[in-house]
Amino acid sequence: MDPLDEQPMVHEIGKRTYLVADVDPLDVDGVRTIEIGTALWLVAFLLLLPFYGRLEETGRTWWLWTCMAGFGLGLFGVEICRTRRKRRGTRRR
């Protein structure tokens, strides 16, 4: 490394030294992440559905309804992220 090159930022916290590189942030809107998470909640619900009787016997039906709540809230999250992406796209133009 040439001494004239731009050096990374150095932070000293306690007895440790951290180097922080100047990196541009990723432009991620979160839609794909929320869609995948929502789909996983739905898959978990569908996988637990055949075991409803056993879940009821052991008092764990809340597992099933937690998955359904995660899926439902995920649908709201997908819509919020899509709206945010749309607004960011029109703001840049």
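The nonpolar surface patch draws on two strands: E1 and strand E2 (16–20) each supply at least two of its residues. Strands here are DSSP runs of E with at least two residues, helices are runs of H or I with at least four, and both are numbered from the N terminus. The patch is made by Met9, Ile13, Tyr18 and Val20 and comes to about 380 Å². To be counted in a patch, a residue needs over 30% relative accessible area and no salt bridge; nonpolar side chains (Val, Leu, Ile, Met, Phe, Trp, Tyr) are joined within 5 Å, while like charges are joined within 9 Å. Areas like these come from the Shrake-Rupley method with a 1.4 Å probe, and for residues only the protein chains shown count as cover.

All of this is read from a predicted model, where local features need pLDDT of at least 70 and side-chain atom pairs count only at pLDDT 80 or more, though totals for chains, interfaces and linings use all residues. Residues are numbered from 1 along each chain as its sequence is written, and side-chain values use heavy atoms, with hydrogens and water left out.

Back to the strands. Met9 sits in strand E1 (residues 9–13), and Val20 in strand E2. These two residues are eleven places apart in sequence, yet their C-alpha atoms are 5.0 Å apart in space. Apart from neighbours within four places in sequence, Met9 touches Tyr18, Leu19 and Val20, a contact being heavy atoms within 4.5 Å. Val20 is partly exposed, at 35% relative accessible area; buried means under 20%, exposed over 50%, and partly exposed in between (1.4 Å probe, protein chains only).

Zooming out, the chain has three helices and two strands, in the order β-β-α-α-α along the sequence. It has 93 residues, of which 14% count as buried. Of the contacts with a separation of 6 or more, 47% join residues 24 or more positions apart.

What about the inside? The largest nonpolar core has five residues: Phe45, Leu48, Leu55, Leu64 and Cys67. Helix H1 (31–48) and helix H3 (61–92) each put at least two residues into this core. A nonpolar core is a set of buried Ala, Val, Leu, Ile, Met, Phe, Trp, Tyr and Cys residues joined through side-chain atoms within 4.5 Å. Leaving out neighbours within four places, Leu48 is in contact with Leu55, Trp63, Leu64 and Cys67. Cys67 is buried, with a relative accessible area of 6%, and Cys81 is buried too, at 9%. The structure holds zero disulfides, a disulfide being a pair of cysteine sulfur atoms within 2.5 Å.

Finally, the charged pairs. Two salt bridges turn up in the whole structure, each being a side-chain nitrogen of Lys or Arg within 4 Å of a carboxyl oxygen of Asp or Glu. In one of them, Arg85 pairs with Asp29, and the closest N and O atoms are 3.6 Å apart. Arg85 lies in helix H3 and Asp29 in the loop between E2 and H1, so this pair ties together parts that are 56 residues apart in sequence. Arg82 pairs with Glu35, with the closest N and O atoms 2.7 Å apart. Because Arg82 belongs to helix H3 and Glu35 to helix H1, this pair links parts 47 residues apart in sequence. Arg82 is partly exposed at 37% relative accessible area, and Glu35 is partly exposed at 32%.
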